[in-house]
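Subject: Handing over a structure, with notes

Dear colleague,

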Amino acid sequence: MPVEFASDDWAKQFKDEVNKSNVYKSAAKGWKWTVGLVVEAEPDKNFPEARGVVMDLFDGEARDIKVGSAADAQKCDFVITAPYSRWKQVATKELDATKGMLQGKLKLKGDLPTIVRYTKASQEMTECTSRVPVEWPDER
Amino acid sequence: MHIPGTGRMARRTVDALADEAGLVKYGSNEPSAFAGMLGGLIEANVVANPDKRKDFDALAARVGIWVTDIDEGVTLAFDGGRLTVYNGLEPNLTLTIRADADTVMSLSNLKIGLLGMPVYYDGVGRGVALQLMRGKLRIDGLLTNIATLNRVTRVFSVQ
């Protein structure tokens with residue numbers, strides 16, 4: 001059953017997908033930093049307030065994924081920021097996250113060599129996002 | 001448990017285009033996201049690793065990188081311990097690398113082996129070699145500049 005994007009239910013299903021993925025488990029071995037996703041508001045898309053997704057990822061496992069404020073996500077070691085509609089493009093595979101970052105469509109903050117070293121893990125994480133059935137606010 | 005925001009990592013961010021170590025500058029008033037990323041990546045590598053710093057100091061070459069699936073590129077103008085990153089491809093390039101985004105990321109993940117040679121026999125290396133054979137990775141100027149390419153790869157690699 002579809003869940004609301006960037007809701008607590010969505011975060012739970014996303015975490016389950018990450019922890020089910022053997023590809024992620026292997027590609028993210030050694031990762032020990034938190035990742036925050038900032039989803040910027042787009043009131044005209046029925047997404048009126050920014051939200052933050054805080055991911056506690058450790059050595060190939062998602063220990064916790066929570067939805068909170070954008071400020072919570074901005075405190076993480078790595079922060080990826082984009083408007084709601086860009087995140088929708090990523091989750092629906094319309095936009096490849098790596099290309100999005102190279103084009104500046106997704107803004108990345110954090111230690112670059114580390115994130116580049118874990119490109120495969122971040123790609124698999126995007127795959128995991130796309131496996132969660134989502135009810136998009138702008139389609140309601 | 002890791003506590004977010006404790007500042008345990010040395011942060012080097014893409015959005016902070018300030019030339020922290022004085023090694024990298026940008027040739028455009030508004031560097032593209034790709035230019036900022038490559039400049040930041042190389043600077044972080046060189047600052048953190050004395051071997052890469054030696055390579056960086058010895059490099060004098062103009063290297064173009066064109067990402068075929070986003071139609072964007074940069075020119076890396078290495079000048080003996082200084083790097084200027086330009087948006088787009090500039091004239092008079094020593095080497096021009098053309099590949100899709102995934103292959104460019106793979107190039108920065110090539111391991112460096114014995115005698116400072118990039119490793120082409122592990123998973124990442126085989127993938128890069130395969131793209132080269134299939135013509136999906138094109139390197140203009142390769143035959144006459146192999147030593148320069150290896151040096152650029154070492155500076156560029158995060159491994």
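How many bridges join β2(B) to β3(B), and do these strands run parallel or antiparallel? Eight bridges join them, and the two strands run antiparallel. Please keep in mind throughout that this is a predicted model.

The sheet in chain B

These two strands belong to an open sheet of six strands in chain B, whose order is β1-β4-β3-β2-β5-β6 and whose pairing is mixed. At its edges stand β1 (24–26) and β6 (138–140) of chain B, each with a single partner strand, so that one side of each is left without a neighbour in the sheet. From one strand to the next, the twist averages 20°.

The pairing of β3(B) with strand β4 (residues 83–87) of chain B is antiparallel and extends over five bridges, with B:A77 standing opposite B:T84 in β4(B). Seven of the eight residues of strand β3 (residues 72–79) of chain B are buried, so this strand is largely enclosed by the rest of the structure.

Strand β2 (residues 60–67) of chain B is also joined to strand β5 (residues 95–99) of chain B, by five bridges, and these two run parallel; here B:V67 stands opposite B:A99 in β5(B).

Two helices of chain B

The axes of helix α2 (residues 50–58) and helix α5 (residues 146–156), both of chain B, come within 9 Å and cross at roughly 135°, which makes α2(B) oblique to α5(B). The crossing of α2(B) and α5(B) is left-handed, and the contact is made by B:K52, B:D55, B:F56 and B:A58 of α2(B) together with B:R151, B:R154 and B:V155 of α5(B). Of the residues in this contact, three are nonpolar, none polar and four charged.

Where the chains meet

In chain B, 28 residues are in contact with 24 residues of chain A. On the side of chain B that touches chain A, α1 (33–48) and α3 (101–107) of chain B each supply at least two residues, and the largest share, seven residues, comes from α1(B). The residues of that side divide into 14 nonpolar, eight polar and six charged.

With best wishes

Conventions: Residues numbered from 1 in each chain as written. Chains lettered and ligands numbered in written order. Predicted model: local features only at pLDDT ≥ 70, side-chain atom pairs only at ≥ 80, totals over all residues. Axes fitted to C-alpha atoms, helices over the stretch in contact; angles between N-to-C directions. Helix = DSSP H or I, 4+ residues; strand = E, 2+ residues; numbered from the N terminus. Parallel < 35°, antiparallel > 145°, perpendicular 65-115°, else oblique. Left-handed = near helix turned anticlockwise from the far one by under 90°. Contact = placed C-beta atoms within 7 Å. Nonpolar A, V, L, I, M, F, W, Y, C, P; charged D, E, K, R; others polar. Pairing = 2+ DSSP bridges. Buried ≥ 20, exposed ≤ 12 C-beta atoms within 10 Å, placed from the backbone.
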